[in-house]
Amino acid sequence: MRADEPAFGVYIHWPFCLSKCPYCDFNSHVRHAAIDEARFVRAFTAEIASTAARVPGRTVSTIFFGGGTPSLMQPATVGAVLEAIARHWTVAPDVEVTLEANPTSVEATRFRGYRAAGVNRVSLGVQALDDGALKALGRTHSVDEAMAAVAVARSIFARYSFDLIYARPGQTPDAWAAELERAIAQAGEHLSLYQLTIEQDTPYFGLHAAGKLVVPDDDTARALYDTTQDVCAGAGLPAYEISNHARPGAECRHNLVYWRAHEYAGIGPGAHGRLDITGERRATATEKRPEAWLSRVEAQAHGVVSDEALTSEQMADEFLLMGLRLAEGVDPARYARLAGRELNPRRIAILREEGAVESTADGRLRVTLAGFPVLDAVVADLAA
Ligand SMILES: C[S@@+](CC[C@H](N)C(=O)[O-])C[C@H]1O[C@@H](n2cnc3c(N)ncnc32)[C@H](O)[C@@H]1O
Ligand code: SF4
């Protein structure tokens with residue numbers, strides 16, 4: 001798929017997990033009573049209908065069930081959501097339908113049902129190939145259980161990916177290289193490799209502040225990042241985005257919708273959307289709390305609590321912020337159309353001299369591997 005080819009994605013958020021991992025600040029909640037999935041299906045269906053009324057006639061190119069832990073959903077729930085999407089929009093024949101799954105044996109038993117419901121790609125949160133590290137991350141699965149879930153995924157889905165978290169306490173580049181080699185041997189076409197971030201309002205934040213959780217220093221983190229690039233590129237899985245690696249052509253098309261600043265609908269608690277309505281790009285966000293979201297949808301057919309037209313400056317900033325995460329970079333002409341002005345050639349020249357950005361043969365501007373670790377500063381500089 002070309003970068004400028006129009007695409008429309010649908011994101012569905014499932015906001016529940018069996019337990020809360022101490023590093024995670026995603027909109028995920030633990031409930032001790034059973035979840036009323038039929039009620040969620042009605043609410044998802046209503047919100048899909050109300051969103052489709054605002055952006056009718058789209059062809060859905062990608063669908064992503066994210067969480068939380070969508071692999072706790074019954075396959076029938078997933079199927080009902082996919083049917084609702086198909087009732088309100090046209091679904092492309094080659095639609096990519098991804099579901100995030102936790103790699104436990106219980107969840108793997110549902111994979112066949114997901115495939116029958118229409119899912120064609122799974123993304124598994126393996127996180128580490130070291131039992132001690134998994135325990136420290138608060139994960140409820142072992143390495144063996146996770147690898148068994150990956151094997152089930154491989155036997156059912158043509159496309160699967162898994163996530164690992166690196167720059168964990170005490171991790172050395174050599175140990176990470178060995179772990180990564182093992183991961184690549186099990187990976188198919190795609191791996192997401194996230195550097196551990198200490199998020200506010202998580203147990204890890206308190207532990208880190210109290211000195212009880214020590215993460216690698218900047219130099220080690222940089223060495224771990226460099227190891228990631230070397231090992232993955234050497235194995236034919238180069239980074240196509242800061243944290244995402246794929247064999248060429250096997251990129252997650254849904255995430256490309258975000259990074260290429262295309263249009264997407266956000267359905268479910270705490271979901272974000274970008275909708276193009278009468279010449280404006282609108283940023284939407286829904287109520288985060290699951291039960292409050294249900295009540296809102298039941299009262300007014302949608303859970304949207306924020307819905308703002310973006311200014312051209314905001315659209316242009318977002319375009320840079322997202323697009324420069326990609327190895328393919330951005331088209332400066334598209335920036336100029338959004339911003340109403342060109343990128344500053346002097347700033348580009350300075351960043352180029354510093355080795356942080358480069359221009360491609362077809363005129364795109366991209367951040368170099370050396371520039372990625374300081375991406376925020378590069379974007380701030382270009383957007384200023
Ligand atoms: C929505 S979450 C998880 C999906 C699924 N619930 C799971 O945990 O397996 C997506 C991914 O974000 C990553 N992640 C979450 N919190 C992180 C953090 N603080 N630092 C780095 N990566 C994080 C994890 O790799 C996780 O798999
Ligand atoms: S990492 Fe995954 S399983 Fe853990 S709390 Fe976050 S969303 Fe839930």
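Biologist: Hi! Which side chains meet in a salt bridge at 2.8 Å, N to O, with Glu 179 as one partner?
Modeller: Glu 179 pairs with Arg 168, and their side chains meet in a salt bridge at 2.8 Å, N to O. Keep in mind that this is a predicted model.

Biologist: Where in the chain are those two?
Modeller: Glu 179 sits in helix 7, residues 173-186, while Arg 168 is in the loop between strand 5 and helix 7. They are 11 residues apart, and the pair links distant parts of the chain.

Biologist: Is Glu 179 buried or exposed? And what about Arg 168, buried or exposed?
Modeller: Glu 179 is buried, because its relative accessible area is 9% and the cut-off for buried is under 20%. Arg 168 is buried too, with a relative accessible area of 7%.

Biologist: How many salt bridges does the count come to?
Modeller: The count comes to 19 salt bridges. One of them joins Arg 281 to Asp 276, with the closest N and O atoms 2.8 Å apart. Arg 281 counts as buried at 9% relative accessibility, whereas Asp 276 counts as partly exposed at 33%.

Biologist: Which residues are linked in a network of salt bridges?
Modeller: Arg 54, Glu 280, Arg 282 and Asp 307 are linked in a network of that kind.

Biologist: Let's switch to Arg 334. Where is its place?
Modeller: Arg 334 belongs to helix 13, which covers residues 332-339.

Biologist: Which side chain of opposite charge is nearest to Arg 334, and how far away is that side chain?
Modeller: The nearest is Asp 331, 6.9 Å away. Arg 334 is buried yet has no salt bridge, because a salt bridge needs the nitrogen and oxygen to be within 4 Å.

Biologist: Which other residues of helix 13 are buried?
Modeller: Besides Arg 334, the buried residues of helix 13 are Tyr 335, Ala 336 and Ala 339. The buried residues of this helix pack against helix 12, residues 312-323.

Biologist: And what's at the two ends of helix 13?
Modeller: At the start, a side-chain oxygen of Asp 331 reaches to within 3.0 Å of the backbone nitrogen of Ala 333. Just after helix 13, Gly 340 takes a positive phi of about 80°.

Biologist: Last topic: ligand 1. Which residues come nearest to it?
Modeller: There are 18 residues around ligand 1, and Gly 68, Asn 102, Gln 127, Arg 139 and Asp 163 come nearest.

Biologist: Which polar backbone atoms does the ligand have contacts with?
Modeller: A nitrogen atom of ligand 1 is 3.0 Å from a polar backbone atom of Tyr 23. For Gly 68, a polar backbone atom is 2.9 Å from a nitrogen atom of the ligand. Thr 197 has a backbone N or O atom 2.9 Å from a ligand nitrogen as well.

Biologist: How much of ligand 1 does the protein bury?
Modeller: Taken alone, ligand 1 exposes 570 Å², and the protein buries 92% of that. Strand 3 (90-101), strand 4 (121-127), strand 5 (159-166) and strand 6 (190-195) are the elements that give two or more residues to the shell around ligand 1.

Note on methods: Residues are numbered from 1 along each chain as its sequence is written. Chains are lettered from A and ligands numbered from 1 in the order in which they are written. This is a predicted model: local features need pLDDT of at least 70, side-chain atom pairs count only at pLDDT 80 or more; totals for chains, interfaces and linings use all residues. Side-chain values use heavy atoms; hydrogens and water are left out. Helices (H or I, at least four residues) and strands (E, at least two) are DSSP runs, numbered from the N terminus. Buried means under 20% relative accessible area, exposed over 50%, partly exposed in between (1.4 Å probe, protein chains only). Lys and Arg count as positive and Asp and Glu as negative; His and the chain ends are not counted. A residue is near a molecule or strand if one of its heavy atoms lies within 4 Å of it. A polar contact is a pair of N or O atoms within 3.5 Å; within protein, one must be able to donate a hydrogen and the other to accept it, and residues adjacent in sequence count only if both atoms are side-chain atoms. Accessible areas come from the Shrake-Rupley method with a 1.4 Å probe; for residues, only the protein chains shown count as cover. Contact means heavy atoms within 4.5 Å.
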